[in-house]
Amino acid sequence: MPEPLILLSTTSVYPDSTSSAFDFAAEAGFDGVELMVGVDQISLDIEAIAEISDRYKMPVKSLHAPTLLITQRAWSSDPWEKLRRSAEAAKRIGADIVVVHPPFRWQRGYGEGFVQGIRELNRTSGVTFAVENMYPWRTPAGSFTAYLPDWDPTNLDYDHLTLDLSHASTAQLRSLDLVEQWGDRLAHVHLTDGRGSFKDDHLLPGEGDQEAWAVVRELGRRGFEGHIVLEVSTRRARTGGERADMLRSMLETTRANLKAGVGEATRRS
């Protein structure tokens with residue numbers, strides 16, 4: 001049974017640079033990295049990323065398109081051009097997954113054609129586009145829908161989905177339920193955690209309310225073949241060594257729980 005690759009998101013070392021994420025990933029023993037495009041200048045330069053990947057012998061296996069609020073002008077202000085460039089960049093560096101957020105509600109034209117457009121990109125681009133679950137924006141005055149056609153992709157006609165455990169927590173959902181509901185559409189996982197805060201915490205797995213290690217074991221039981229990406233905040237680390245230890249510990253625990261889930265499935269069969 002093929003095992004999922006366990007990757008490190010380049011955002012997990014923030015405020016350190018994208019290039020330093022490759023160093024941390026190599027030192028800890030990750031299978032590769034997920035590149036978040038647009039968080040710093042070097043993340044926009046795919047040729048430079050390819051050189052860094054070669055230097056550290058650390059492949060880029062997935063790419064997060066620059067569709068965050070803070071990356072709206074990265075690569076292009078045209079959202080479809082962003083996604084086309086993301087597909088080309090992914091193929092250049094050997095990534096097979098492009099993670100994409102749904103459109104913001106003010107991107108009305110983009111939002112109206114988003115489901116069909118993503119389906120077409122999956123058919124023609126040569127890479128897999130996996131739409132990520134988001135959450136309603138909550139304020140002291142109440143919550144409102146910030147995404148089109150919806151922050152929850154469950155009932156929309158997407159072929160491939162990315163599960164982010166912190167986003168599920170912010171939405172006050174249970175990630176294990178989403179794993180069950182999505183079935184074979186689950187293509188990619190952002191392993192993190194949250195406590196139901198409106199802030200989207202991106203805690204270390206096991207620190208929140210998402211039963212993160214149970215999710216990993218369930219992925220193992222199901223024979224999940226996608227990527228599992230550690231996408232967490234390590235800003236509380238006081239030194240580079242402390243951050244490295246934190247990431248290594250999370251990697252080891254992820255592998256142990258994945259193996260336990262696979263073992264349970266084998267015993268059942």
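How do the residues of the lining of the largest pocket divide into nonpolar, polar and charged? They divide into 15 nonpolar, 10 polar and 10 charged. The model is predicted. This briefing covers its pockets and its aromatic pairs.

**Largest pocket**
- The largest pocket has a volume of about 970 Å³.
- Its lining is made up of 35 residues, and those closest to the pocket centre are L68, I70, D200, H202 and R235.

**Second largest pocket**
- The space in the second largest pocket comes to about 190 Å³.
- Residues that line the second largest pocket include V179, D184, L186, L219, R222 and F224.
- Strand β9 (186–191) and helix α8 (212–222) each supply at least two residues of this lining.
- The lining of the second largest pocket divides into five nonpolar, three polar and three charged residues.

**Aromatic pairs**
- Across the whole structure, a search finds nine aromatic pairs.
- One of these is the pair of W137 and Y147, which is edge-to-face, with 6.0 Å from centre to centre and 90° between the planes.
- W137 lies in strand β6 (residues 137–139), while Y147 lies in the loop between β7 (142–144) and β8 (161–164), so the pair ties together parts that are 10 residues apart in sequence.
- W137 counts as partly exposed because its relative accessibility is 23%, whereas Y147 is buried, with a relative accessible area of 3%.
- W137 and Y147 also belong to one aromatic cluster, together with F104, W106 and Y135.

Conventions
Residues are numbered from 1 along each chain as its sequence is written. This is a predicted model: local features need pLDDT of at least 70, side-chain atom pairs count only at pLDDT 80 or more; totals for chains, interfaces and linings use all residues. Side-chain values use heavy atoms; hydrogens and water are left out. Rings of Phe, Tyr and Trp (its six-membered ring) pair if their centres lie within 6.5 Å; planes under 30 degrees apart count as stacked, over 60 as edge-to-face and the rest as tilted. Helices (H or I, at least four residues) and strands (E, at least two) are DSSP runs, numbered from the N terminus. Buried means under 20% relative accessible area, exposed over 50%, partly exposed in between (1.4 Å probe, protein chains only). On a 1 Å grid over the protein atoms alone, a cavity is a set of points where a 1.4 Å probe fits but cannot get out, and a pocket is an open set with protein on both sides within 12 Å along at least five of seven lines; lining residues have an atom within 4 Å of a point. Grid points are joined across faces, edges and corners, and a volume is the space filled by probe spheres set on the points. Ala, Val, Leu, Ile, Met, Phe, Trp, Tyr, Cys and Pro count as nonpolar, Asp, Glu, Lys and Arg as charged, and the others, Gly among them, as polar.
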